[in-house]
Amino acid sequence: MTKRDYYDVLGVPRDAGQDTIKTAFRNLARQYHPDVNKASDAEEKFKEANEAYAILSDQQRRAAYDRYGHAGVNNMGGMPDFSTIDLSDLFGEFFGFGGMRGKRSRNAPHRGQDLSSRIRLSFEEAVFGVDKEIEITRDEVCSSCKGSGSEAGTQPVRCTTCNGNGEVRQVHQTFLGSMVQVVTCLTCNGSGQVITNPCRTCRGRGLERKTFKKVVPIPAGVDNGTQVRLAGEGQPGINGGPNGNYFIEIIVSPHKYFRRQGEEILLNLNINISQAVLGAEIEVPTVDGIAKLKIPAGTQPGKVFTMKGKGVPRLRNNGRGNQMVIVNLDIPTHLTSEQRSLFQKLSGTLGSEATPQEKSFFDRLKESLGD
């Protein structure tokens with residue numbers, strides 16, 4: 001079967017530079033490698049692309065191919081020995097090979113891990129904010145060895161397995177021939193150094209576990225599930241990278257009377273029949289203390305009153321929500337003879353007709369909340 005032109009195989013012009021050739025081969029390798037593409041012809045197309053890349057990426061072979069075609073390459077002894085080609089940098093991103101990219105990644109600065117904990121607040125603390133003392137446990141640079149991991153007066157030595165490189169090269173036999181894979185050195189875990197006399201304080205880690213207390217200002221208006229972030233209070237960074245963050249999740253204890261919906265505080269309030277019928281000025285509990293509320297004559301059960309500015313402070317804006325007071329009738333269950341006589345006289349003047357409600361309590365509550 002006649003071989004296709006190598007430039008056509010890679011889909012590049014004849015004057016393409018090495019970067020263009022490498023990019024074209026990378027795309028084809030990703031598309032047709034048998035570990036990725038299960039089509040019946042994928043392996044053949046991958047081999048064809050690999051052969052084209054092996055020739056065009058070699059300046060001497062490419063020059064012979066440009067002048068004499070396939071015959072010029074064959075006269076040079078056929079295909080190159082794949083054991084001399086390190087393809088790990090090309091395949092690393094989808095075959096798991098390390099290559100130089102992996103080495104740079106291991107030695108590059110990395111941000112430390114985030115830490116987290118929970119704290120419980122009372123309803124009022126969540127509404128108005130509070131300063132809370134917490135304990136943070138994390139790693140710190142060892143005070144004895146200053147992070148070296150070695151006992152005082154000693155130093156780590158170069159790893160003899162990887163010769164200080166932090167990685168070793170392994171050769172694997174594949175259908176393409178011998179392929180080189182670069183992996184992290186297991187002896188030194190990629191550091192290139194071995195600690196022969198570990199620090200007794202940190203046991204060679206270079207870090208020691210410490211617990212310290214910190215006062216954290218919790219802002220007004222937090223709710224269940226709110227997270228407060230303490231920047232840079234997490235685990236220390238690696239290779240000079242920044243510290244991680246510390247997150248505090250807020251848990252709010254339920255209140256005896258108040259309920260919360262967003263920035264609104266809900267309060268169910270019982271009034272007696274006289275107050276509902278004749279009207280009254282009553283005292284109502286709020287998170288700010290006792291406040292006055294005027295009940296107009298003829299107030300119906302389920303009526304919702306709005307006490308502006310008595311709700312929860314807005315977490316990221318100015319101002320506060322409202323307190324919604326839902327009025328219920330406190331029906332007496334035990335009457336004196338005088339009270340019973342008065343109710344009987346009143347009953348005779350009111351009639352006995354019963355009428356269905358047009359709106360339910362929940363409908364009125366939703367309207368009051370703007371829902």
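A charge is said to sit over a ring if NZ of Lys or CZ of Arg lies within 6 Å of the ring centre and within 35 degrees of the ring normal. In the structure before us, which is a predicted model, lysine 303 and phenylalanine 305 provide such a case: the charged end of the lysine is placed over the phenylalanine ring, 5.8 Å from its centre.

Let me turn to the aromatic residues. Four aromatic pairs are found in the structure. In one of them, tyrosine 6 and tyrosine 65, the ring centres are 4.7 Å apart; the planes meet at 35°, and the pair is therefore tilted. Tyrosine 6 belongs to helix H1, residues 6-10, whereas tyrosine 65 belongs to helix H4, residues 59-68, so this contact ties together parts 59 residues apart in sequence.

Are these two tyrosines buried or exposed? Buried means under 20% relative accessible area. Tyrosine 6, at 4% relative accessibility, counts as buried, and tyrosine 65, at 3%, counts as buried as well. Ring pairs also bring in Tyr7, linking Tyr6, Tyr7 and Tyr65 into a cluster.

I conclude with helix H10. This helix covers residues 337-350, 14 residues in number. From its first C-alpha to its last, H10 reaches 20 Å, close to the 20 Å expected at 1.5 Å a residue. How many of the residues of H10 are buried? The number is zero out of 14, and H10 therefore lies largely in the open. After H10 comes glycine 351, with a positive phi near 85°.

How values were computed
Residues are numbered from 1 along each chain as its sequence is written. This is a predicted model: local features need pLDDT of at least 70, side-chain atom pairs count only at pLDDT 80 or more; totals for chains, interfaces and linings use all residues. Side-chain values use heavy atoms; hydrogens and water are left out. Helices (H or I, at least four residues) and strands (E, at least two) are DSSP runs, numbered from the N terminus. The expected span of a helix is 1.5 Å times one less than its number of residues. Buried means under 20% relative accessible area, exposed over 50%, partly exposed in between (1.4 Å probe, protein chains only). Rings of Phe, Tyr and Trp (its six-membered ring) pair if their centres lie within 6.5 Å; planes under 30 degrees apart count as stacked, over 60 as edge-to-face and the rest as tilted.
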